[in-house]
Every structure is written in structure tokens, then in C-alpha cells.
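I opened the model to look up a few points of backbone geometry, strand order and helix packing, and I kept these entries as I went.

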Amino acid sequence: MNIRKIKEGFLGQQMIVLPPDTKKVVTKNPLIRGLYLTAIGYYPKAIHHDRERKAGSQQYIFLYCTEGKGYVEISRKQYELAPNTYIIIPKNIAHHYRTSASDPWSIYWIHFTGENADLLYSRYARDAAPEVQTIAYDEQRTEQFNLMLSLLENNYSTRNIELTNIKLLQFLSSFIYHEEMYPSHYSVDQVSVSIKFMKENLTKCYAIQELAAHSNYSVSHYSDLFKKKTGCSPMQYFNQLKIQKSCQYLYFTDMNIKEICVKIGFDDPYYFSRMFKKLMGSSPANYRNTYKKK
């Protein structure tokens, strides 16, 4: 592999490269051989960081920038990484990445491969081409990353390696599947807005006309849109949310049925009990007796 390495070694740098013998063991482990890392590191304020591989890498390379900026060139196309952006460099493709001379980046990086690596990359890349993606900073990601480093720093035992690579899938998924994990951050359609309104108003009793008016739709149009998105009618969905909330009250509190009805906007305890049994398969009293925390 033709590699040009200008600078690597920075104050606060953390880096682990798995030994060849450990990698051989990983490839034979059915629990993690589908996706595993071969190297992992964090380079803070990586001034002069510059890396070029003219024949590419045999692994995918994940780069996540949290400070400063830098540039990634893949197949003669240049991408800029700024804070809260990331890119995955495809394997076996010529690439060159470097920090900004005036505003050096801080990056988290991982080399990963495995039987499922191609499939995971396809979930990230559109039309098979890499792209810089923006993602809001989440401290839990850096905590997961630091846990992976800590596990490998301790030793290369089977359990440590397994847990590291289980965490690897969680870590990468938090980037690649962020839109699915947090749809409210991306979706601004009126059905999503209406569902949010329902969740914030479980103590109230609304008719379908009121819910439709809140979304500025006619009842028929609102109902059609809602059913296409959720598979059920607005009132069915609203009642399901109320019943789910009542389950929490039955489990975690000693409130009686009338008190719970007030909390979830039901005027008639008998109607609530019938609705509860229809959705949950048992009466509220039986549910409490079965699942009540001792």
C-alpha cells in the first residue's frame, strides 16, 4: 500500500491498532466478525495532520470532526469537514485527508471492516458515493467512543473485544441511523406535529374536529394523512397514547381508576375500562395486580 504520512503524533493523542494475532481471532468470532474495528483513535487539535493512501485502505475509515476543520479528497473530489460533521471513506479507494493549517481539526476516527461492513456502508452512502453529513453533537457518542478505547487499553480478552465491537455497531448506528432514531428532528409534517400535540395534551379530551383544526386540515384530509402515516385513525392513536400513559400510572402509583381517568382526559371510568381491556387484553385492575411493582 502506497502511504504518505507527513505528521502523526499530537498532544493528547489516543490511538490503538489491533495486533495481527488479535485480528485473526476476531475474524473467527461469530458474534463480531460481521463488523469489527482494526484501529481507533482521537486526535485533538491535530496540527499538520496529513495522510494519503494512493491505493486506499482495506478497511472503511470513519472520520468525525468536533473542532476546527480539514479536507478529505476521495477520487479527486474534495470534501470539507467542519465541527459536527462526519464522513466514511470507502475501502480500496485512493484518498488524502489533512487538517486545516489555520484551524486544525479535532477528529475521532475508526478503521472498520467485516462481513457486514459493505452493507452498513451502503446504509450511509447515497448512490454508493461518500458524502459529508452534519449531525448534532451528543455527549453520549464521545462516551461510547471513550468506552471502546478504555476496553482495548485494558486488554484484548475475548469479552473486551466482543463488547468493544458491539459498542462499535451502536456508535456507528448513532450516526448512520440518526434520522430514524430522532424523527422529530427531521420531520416537520403536520401529522408529526399533531402527534406531538397529542402527547403534550393527554389530560384533555379532543374531538376529531378539534385535532383536524389544529393541523389546519379538513377532518377527511387530516384523517387520510394520519392513517397513511400511522396505520390507524387519529382518535385511535390518541386513545392508545392515553392507555399507554394509564399503564404507567397503574404500575408506578397508587391512584384509583377515577384519578387516572382525570389524568388522561377520560370522563367515564367505565368507558376507560372497556377501552383499556380492548387494547391491553385485561382490565385495569387485573393489569395492576399482574404487573404492579412490589
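**Notebook: loops, sheet, helices**

I looked up N84 and found a relative accessible area of 25%, so N84 counts as partly exposed (buried is under 20%, exposed over 50%, partly exposed in between, with a 1.4 Å probe and protein chains only). I note that this is a predicted model, in which local features need pLDDT of at least 70 and side-chain atom pairs count only at pLDDT 80 or more, while totals for chains, interfaces and linings use all residues. Residues are numbered from 1 along each chain as its sequence is written, and side-chain values use heavy atoms, with hydrogens and water left out.

I then checked the backbone of N84, whose phi is near 65°, a positive value in a residue other than glycine; N84 lies in the loop between β7 (77-81) and β8. (Strands are DSSP runs of E with at least two residues, helices are runs of H or I with at least four, and both are numbered from the N terminus.)

I looked at H48 as well, which is not a glycine and has a positive phi of about 70°. H48 sits in the loop between β3 and β4 (50-53), and I recorded it as exposed because its relative accessibility is 52%.

Next I traced the sheet, which is open and has six strands in the order β2-β3-β10-β5-β8-β11, with antiparallel pairing (two strands pair if DSSP finds at least two bridges between them). At its edges I found β2 (14-17) and β11 (133-134), each pairing on one side only. Between β2 and β3 (residues 36-43), which run antiparallel, I noted four bridges, and I16 stands opposite I40 in β3.

Which strands does helix α2 touch? I found that α2 (residues 117-124) packs on the sheet against β5 (60-67), β8 (85-89), β10 (106-113) and β11, with its direction at about 140° to that of β8. Contact here means heavy atoms within 4.5 Å, and axes are lines fitted to C-alpha atoms, for helices over the stretch in contact, with angles from 0 to 180 degrees between N-to-C directions. Helix α3 (residues 139-154) lies across β2, β3 and β10 and runs at about 110° to β3.

Last, I examined α7 (residues 190-200) and α9 (residues 219-230), whose axes come within 10 Å and cross at roughly 90°, which means that α7 is roughly perpendicular to α9 (the term covers 65 to 115 degrees). I listed V191, S192, S194, I195 and M198 in α7 as meeting Y222, L225, F226, K229 and T230 in α9.

Definitions and conventions: Angles under 35 degrees count as roughly parallel, over 145 as roughly antiparallel, 65 to 115 as roughly perpendicular and the rest as oblique.
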